[in-house]
Every structure is written in C-alpha cells, then in structure tokens.
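The sequence and structure come before the details.

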Amino acid sequence: MSGDPEGRRELLEELRGHVAVDRSPHTVRAYLGDARALLDHLDETGRGVDGLDLAALRDWLARMHDRGAGRSTMARRVAAARVFTAFLYRTGRIGHDPGPHLSAPRRNRPLPEVLDERETAAALSGERAAGVGTDPARLRGRAVVELLYATGIRVAELCAVDVDDVDRERRTVRVLGKGDKERVVPVGVPALEALDAWLRQGRPRLAAPAAGPALFLGARGGRLGTRSARRDVHAYLRARGTDSAPHGLRHSAATHLLDGGADLRSVQEILGHASLSSTQIYTHVSIERLTRTYNRAHPRA
C-alpha cells in the first residue's frame with residue numbers, strides 16, 4: 001500500500017471511525033498506530049493487505065518483540081491486530097479473518113508485597129498492643145488489623161460484617177464476598193480478643209442510631225467505611241514500626257498460611273477466590289521467600 005498513500009489514508013480514516021465507536025481517544029490513537037506499523041510491515045515484506053494471514057501477523061509481532069516491546073505493549077498490539085483484521089474482513093478487503101487465531105502473550109503479574117512473619121507477630125503482640133488503652137479509635141484499629149490479618153478477608157468484606165456474624169464459640173466469622181457469595185472463615189484467638197475489647201470498650205462509645213448491626217463503627221456512629229478502615233490499618237501499623245494496606249494484610253495472611261503448611265484449596269476457600277489460579281500466585285511468593293532464605297543461609301548457595 002506504500003504506492004497508494006491516498007488509499008492508505010482512506011483505509012485508516014475508515015478504521016478510525018470504526019474503532020472510535022466504543023473506545024477512548026487514547027486507545028484509538030494506539031490502535032491506529034499499530035495498524036500503520038502492521039501495514040508498513042506488509043509493504044516491507046511484499047505481502048500487501050491481500051497477503052495478511054496468521055503467519056504475517058506472527059512475523060510482525062516477532063519483529064516487534066525483537067525490537068524490545070514489553071508484554072503490555074505486545075498484548076495491546078495483538079488486540080489492535082484482531083480489531084484491524086476483523087475490520088478488513090467485514091469490509092471485504094480480505095477473504096479470511098486470522099485475528100481470532102492470534103494468541104496474546106500473558107502479562108507479567110506482579111507478586112504481592114507481604115509483611116515479614118516475625119515483624120507482623122511483633123507488631124500485633126499483646127505487649128506492643130497494650131498501648132491501645134481504651135480509646136475507641138485505637139481499639140477499633142487494633143481489631144480491624146487483627147481481623148484482616150487473621151482471616152485474609154477484603155476490607156470491603158470487613159466493613160460489611162455485622163456483630164452477629166462473629167461466632168465466638170466456633171471461632172469463625174461469616175463474610176459476604178464478591179457476587180454476594182457467603183463464606184465462613186476461621187478466626188484466631190488474638191483477633192477475637194481484640195474484637196472483644198472493641199465490643200466492650202470501643203463500640204458502645206461510638207454507637208449511634210445509624211449503627212444498626214454493624215460490627216465496626218466510624219466516628220459518627222454509623223458503619224465504618226473502607227476509606228476509614230484503610231486509615232486505621234496504616235495508623236496502627238505505622239505506630240508499631242511497620243506498614244501495610246488492608247490488601248497487603250490479605251496477601252500476608254495467604255502467604256503465611258502457605259508457609260505454615262496450609263494446602264492451596266483451603267487458602268482458596270478462606271480468601272473466597274472463585275478460581276484456584278487466583279490463589280496460586282501466593283505459592284510463587286512463598287517460593288521466592290524460600291529462595292531468598294536459601295541464598296542467604298546455605299553455604300553453597
């Protein structure tokens with residue numbers, strides 16, 4: 001198409017109108033840039049649009065990869081190529097759409113940050129937690145951190161817990177997760193003790209008519225919001241020499257469970273993951289931690 005610049009401009013303008021229907025301006029620009037790059041490749045290899053097939057697409061992507069394109073860029077180019085080939089097929093410019101047969105590279109999924117197990121234990125120990133006193137906000141902060149770490153539940157799930165959802169005798173908490181799926185999660189003794197202190201000395205001092213059955217209450221006496229819960233977590237942990245977000249406590253709980261010998265299926269149920277693949281990332285965290293320990297400790301590492 002290099003010999004017909006006007007034809008290329010018309011093609012790309014038509015593609016722009018097609019892509020812009022349900023995509024952002026940023027995505028439109030990116031897809032058009034990828035389409036131009038693909039057209040350049042077809043011209044350079046003498047294929048032209050008529051020769052656009054799966055082999056041509058793979059050859060183009062391989063060249064992009066060799067030039068240093070990262071996984072996210074490659075994934076976007078695959079998506080752009082699929083849109084482009086579907087457009088060419090729909091407008092009769094090619095007789096077969098190779099796009100659906102083009103697989104995207106898997107994106108690197110960053111490993112979650114987790115707290116060191118010993119540091120976590122020290123931060124949450126009874127001696128260090130004794131400074132909480134009877135201040136409702138501090139009692140709530142301790143209970144929130146303990147419950148998040150003990151159960152691995154999400155911060156939104158924690159804020160939705162009601163007083164009656166905690167079963168003191170069975171040492172469990174009932175949680176409503178994503179998709180309104182209910183699950184029952186075990187709770188350790190330290191978390192239950194922190195909850196007892198909150199329920200005895202903290203919650204009654206904040207409770208207002210708007211409190212209802214909510215386990216955790218905010219400063220105005222209503223159900224605690226997720227933003228306030230996050231502030232509680234950061235404030236409590238920073239005062240004890242460490243820090244983490246609520247989701248970091250969830251990551252830490254899962255990793256420490258696996259480090260302690262829990263099986264993957266049990267951790268999946270505790271976390272409320274619909275797919276085991278979502279839980280498997282924590283095995284990589286454990287292996288990474290194990291490798292670091294090995295490299296530090298083994299004389300022939």
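Buried means under 20% relative accessible area, exposed over 50% and partly exposed in between, with a 1.4 Å probe and protein chains only. Helices are DSSP runs (H or I, at least four residues), numbered from the N terminus.

The model is predicted: local features need pLDDT of at least 70, side-chain atom pairs count only at pLDDT 80 or more, and totals for chains, interfaces and linings use all residues. Residues are numbered from 1 along each chain as its sequence is written, and side-chain values use heavy atoms, leaving out hydrogens and water.

In α3, the buried residues are Ala56, Leu57, Trp60, Leu61 and Met64. Seen down the helix axis, they fall within an arc of 130°, so they line one face of α3; the arc is taken from the directions from the axis to the C-beta atoms. After α3 comes Gly68, with a positive phi near 100°.

Arg203 belongs to helix α9 (residues 189-206). Although buried, Arg203 has no salt bridge (a side-chain nitrogen of Lys or Arg within 4 Å of a carboxyl oxygen of Asp or Glu). Asp162 is its nearest side chain of opposite charge, with Lys and Arg counted as positive, Asp and Glu as negative, and His and the chain ends not counted.

| Pair | Distance |
|---|---|
| Asp53 side-chain oxygen, Ala55 backbone nitrogen | within 3.3 Å |
| Gly212 backbone oxygen, Arg203 side-chain polar atom | 3.1 Å |

Terms used. Helices (H or I, at least four residues) and strands (E, at least two) are DSSP runs, numbered from the N terminus. A polar contact is a pair of N or O atoms within 3.5 Å; within protein, one must be able to donate a hydrogen and the other to accept it, and residues adjacent in sequence count only if both atoms are side-chain atoms.
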